[in-house]
Amino acid sequence: MKENFVVHSKYDHLKDELLSCIKNFETSGKNVTEGERNVIKKFTVEVLEINIKKFKNPNVFNKYIYQYMRKSKAKRSFEYSDRLTNLHIKTPFPIAYFERFEGGLTESYYISEHVDYDFDFRYLIHNPTFKNREEVLRQFANFTFHLHQNGINFLDHSPGNTLILEKSRDGKSESNKYEFYLIDLNRMRFEPMDFEKRMHNFRRLWLSKTMIKILSEEYAQLYGKGYNETHAFMTKYSRQFQKKVNSKKIRKKRKNF
C-alpha cells in the first residue's frame, strides 16, 4: 500500500492535524454535502475552518487509469486551484490532497479552506426578482471574461459551481460589489479561448432569455464584439444544452414508466 499526501507550503505546519482529519473522516467532521459520488465534510483545525472532499472510490478499471495514466480528481483539484490562485482568480484556497494506492487508486481526498458565501449562481436563476440580480450578472460576465482572457476553459461552469459573496457585508467594502469563487475544479482545460469557445462555455448555466440578454450585452462590450452576434451564439449554445438535458430526462422518464 502506498500513500501520497501533499500539503501546500502555507499549511505545512498543520500536516499532522490535517492527516488526522482524513484518517478519521468517516467518524468525524460535519457533513456539507453527501451525494452519490462524493462527500464533503467541514472540519476545524486549530482556528482554521476547512472542507474535505472525499471522492467516490473508482471502479476496477479507473483504479489503474488514475495511478498510471491520469491524475486523480483530488490531485487535479489541488493543482488547478493553485494555478487559479496564482492568476488571482478566486477559489477556496488549496490546502492539500491525499491519495491511497493499493493495486491502483483506492481513495482520494481534497482539502481546501472553507468559504462562507452568501449564495451561488443557482440563486439568480430561481430568484428573478432579486433586486441586485442584473448587477450581479454583469459582474459575473466580467468574472467569466477574466477566466477566458487567462485561457481557462472551466468545463463545469454550471449554476452550483460559482459561489458568490457580497463584499459590502464586512462593513468596509463598497456596496453592490461581489466576489465569485469557483469550486469543483477537476474538469478544466488551460487553452486559448476563441469567441465561439467562450460562448459555448456559458451553455451549462441554464440561462433565461433575460439572463442571456444581460450577460451578452456586458460580454460583448468587454470582448469588443457586436451585441447581436454575442447574443445569438450564447442563445444557440444555451438552448442546445437545455434541449439535450431535457431530452435525456424525457427518455429516462419513459424508460422508468
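Which residues make the nonpolar surface patch of about 530 Å²?

Modeller: Val60, Tyr64, Tyr68 and Met69 make the patch. First, a caution: this is a predicted model, where local features need pLDDT of at least 70 and side-chain atom pairs count only at pLDDT 80 or more, while totals for chains, interfaces and linings use all residues. Residues are numbered from 1 along each chain as its sequence is written, and side-chain values use heavy atoms, with hydrogens and water left out.

Back to the patch. Residues in a patch have over 30% relative accessible area and no salt bridge; nonpolar side chains (Val, Leu, Ile, Met, Phe, Trp, Tyr) are joined within 5 Å, like charges within 9 Å. Areas come from the Shrake-Rupley method with a 1.4 Å probe, and for residues only the protein chains shown count as cover. Tyr64, one of the patch residues, sits in helix H2, residues 60–69. Helices (H or I, at least four residues) and strands (E, at least two) are DSSP runs, numbered from the N terminus. Tyr64 has 41% relative accessibility, so it counts as partly exposed. The cut-offs are under 20% relative accessible area for buried and over 50% for exposed, with partly exposed in between (1.4 Å probe, protein chains only).

Now step to the loop between strand E4 (48–54) and H2. Pro58 is there. Pro58 is buried, at 19% relative accessibility. Leaving aside residues up to four places away in sequence, Pro58 touches Lys63, Tyr66, Leu105 and Thr106. Touching means contact: heavy atoms within 4.5 Å. Gly151 is 93 residues from Pro58 along the chain, and their C-alpha atoms are 30 Å apart.

Next, the sheet. Three strands form an open, antiparallel sheet in the order E7-E9-E10. E7 (119–120) and E10 (178–182) are the edge strands; each has a single partner, so one side of each is left without a neighbour in the sheet. Strands pair if DSSP finds at least two bridges between them. E7 and E9 (residues 162–166) are joined by two bridges. Phe119 faces Ile164 of E9 there. Five bridges join E9 to E10. Among the residues involved, Leu165 has Glu179 in E10 as its bridge partner. Strand E9 is largely enclosed by the rest of the structure, because four of its five residues are buried.

What lies across this sheet? Helix H5 (residues 133–149) lies across E7, E9 and E10, at about 45° to E10. Axes are lines fitted to C-alpha atoms, for helices over the stretch in contact, with angles from 0 to 180 degrees between N-to-C directions. His148 belongs to H5. At 2% relative accessibility, His148 is buried. It touches Met193, Arg198, Asn201, Phe202 and Tyr219, not counting residues up to four places away in sequence.

Finally, charge pairs. The structure holds 16 salt bridges. Each puts a side-chain nitrogen of Lys or Arg within 4 Å of a carboxyl oxygen of Asp or Glu. One of them joins Asp156 to Arg187, at 2.7 Å from N to O. Asp156 is in the loop between strand E8 (152–154) and E9, and Arg187 in the loop between E10 and strand E11 (188–190), so the pair ties together parts that are 31 residues apart in sequence. Asp156 is buried at 14%, whereas Arg187 is partly exposed at 34%.

Lys213 and Glu217 form another, with the closest N and O atoms 3.9 Å apart. These two residues are four residues apart in helix H7 (residues 209–223), so about one helical turn separates them. Lys213 is partly exposed at 43%, and Glu217 is partly exposed at 33%. Lys225 and Glu229 also form a salt bridge, with closest N and O atoms 3.9 Å apart. Lys225 is partly exposed at 29%; Glu229 is partly exposed at 36%. Elsewhere, salt bridges that share partners link Glu134, Arg138, Lys213, Glu217 and Glu218 into one network.
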